[in-house]
Amino acid sequence: MHRVLIVLLCLSCPIFSLSVLKDEQLQRFNQDGYLILPQFIDAEDCDCLKTHVAELLEAFDPSDVSIFETLNQTQSADQYFLDSGDKIRFFFEKDAFYPDGSLKQSKEFSINKIGHAMHVLDPVFRQFSTSDSLVKLTEDIGIKNPLLIQSMYIFKQPRIGGEVTCHQDASFLYSEPNTTIGYWIAIEDATIENGCLWAIPGEHHLPLKKRFVRTEDGKTRMITFDETPWDLSKMVPLEVKKGTLIILHGHIPHMSYANYSSKSRHAFTLHVIDSSSSFPRDNWLRSEELPFKGFE
Ligand code: FE2
């Protein structure tokens, strides 16, 4: 009953003010490959989403996931991930466990992320992901026929929130020609201390260095096109206040360092492509039961 009340409360939150990109912002995005939009959503709406996620975690039973298998990255752990495109699934931090498979701290502080169909299956995140402001933003960025393909709630837990190494999102969500765009929304303040995003301005003009594919035998493989490592000295930190939305071009190299601080760094991400581009079958992400849809 309590959970239902929270959900209804969240559905009634005053989400979200309309935002329209100015020409200079669009130019900046085209120049840098990312764009920071402060105060895209209200701070209280962030709190509302956070409260809702706390309720989802409360209802989550970790025994649904084999902790040993998650720990050891076995085939069934891989399958849990590979089947998550049309589900809401919970993924642990790799440092969340003792060697015997038991959790070091409570599940609330052990989860790495929830994914990957929150924008479809969860009423609160569906409302957020299809809000007028995101529709308008997507139109402004030049995506005429959007398909929402993936969503994640990322926790970046205090002390154990792991590093996400430098990558291009289109390596994992490949569209041809590339139309992949990521929306990264700070639900909490993101600072250098708690593991904010870093990006290399302008390097979205470079081709993909890698592609993560699903193989014929149901496994995955990383294909490397360019062995040259990213020059991390070119990275700039994207420290933002909660409520900020960062638009990420599918080819922009970005990363986040581990969070050794005492503060979490929650974020919600949503990825969009244009239906004019193809989304090859060898992408790891599949949504068999929920074909990709637009903002309707
Ligand atoms: Fe990313």
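A: Let us begin with helix α8 (residues 132–140), where Lys 136 and Glu 139 are separated by about one helical turn, because they stand three residues apart; helices (H or I, at least four residues) and strands (E, at least two) are DSSP runs, numbered from the N terminus. This is a predicted model, in which local features need pLDDT of at least 70 and side-chain atom pairs count only at pLDDT 80 or more, while totals for chains, interfaces and linings use all residues. Residues are numbered from 1 along each chain as its sequence is written, and side-chain values use heavy atoms, with hydrogens and water left out.

Q: What do Lys 136 and Glu 139 form, and how far apart are the closest N and O atoms?
A: Side chains of opposite charge can pair when their charged atoms come close. Here Lys 136 and Glu 139 form a salt bridge with the closest N and O atoms 3.8 Å apart, the term meaning a side-chain nitrogen of Lys or Arg within 4 Å of a carboxyl oxygen of Asp or Glu. Lys 136 itself is partly exposed, with a relative accessible area of 26%; under 20% would be buried and over 50% exposed, with partly exposed in between (1.4 Å probe, protein chains only).

Q: Which parts of the chain does the salt bridge between Asp 282 and Arg 211 tie together?
A: In this pair, the closest N and O atoms are 2.6 Å apart. Asp 282 lies in the segment after β13 (267–274) and Arg 211 in strand β8 (residues 210–214), so the bridge ties together parts that are 71 residues apart in sequence. Asp 282 is partly exposed at 29%, whereas Arg 211, at 8% relative accessibility, counts as buried. Elsewhere, salt bridges that share partners join Lys 136, Glu 139 and Asp 140 into one network, and the structure holds 11 salt bridges.

Q: Which protein atoms are the donors of the iron ion?
A: Donors are N, O and S atoms within 2.8 Å of the metal (3.2 Å for Na, K and Ca), and sites may look incomplete because water is not among the atoms. The iron ion has His 167 (NE2), Asp 169 (OD) and His 254 (NE2) as protein donors, at 2.1 to 2.2 Å, with the spacing H-x1-D-x84-H along the chain. His 167 is buried at 17% relative accessibility, and Asp 169 is buried at 9%.

Q: In what order do the four strands of the open sheet lie?
A: The order is β5-β12-β7-β10, with antiparallel pairing, where two strands pair if DSSP finds at least two bridges between them. The edges are β5 (164–167) and β10 (236–238), each with a single partner strand, so one side of each has no neighbour in the sheet. Between β7 and β10 there are three bridges, and Ala 199 has Val 236 in β10 as its bridge partner.

Q: How are the rings of Tyr 80 and Phe 91 placed?
A: A pair of aromatic rings is described by the distance of the centres and the angle of the planes. Rings of Phe, Tyr and Trp (its six-membered ring) pair if their centres lie within 6.5 Å, and planes under 30 degrees apart count as stacked, over 60 as edge-to-face and the rest as tilted. A search of the whole structure finds 13 aromatic pairs. Among them, Tyr 80 and Phe 91 have centres 5.4 Å apart and planes at 65°, so this pair is edge-to-face. It links helix α5 (residues 75–82), which holds Tyr 80, with strand β2 (residues 88–92), which holds Phe 91.
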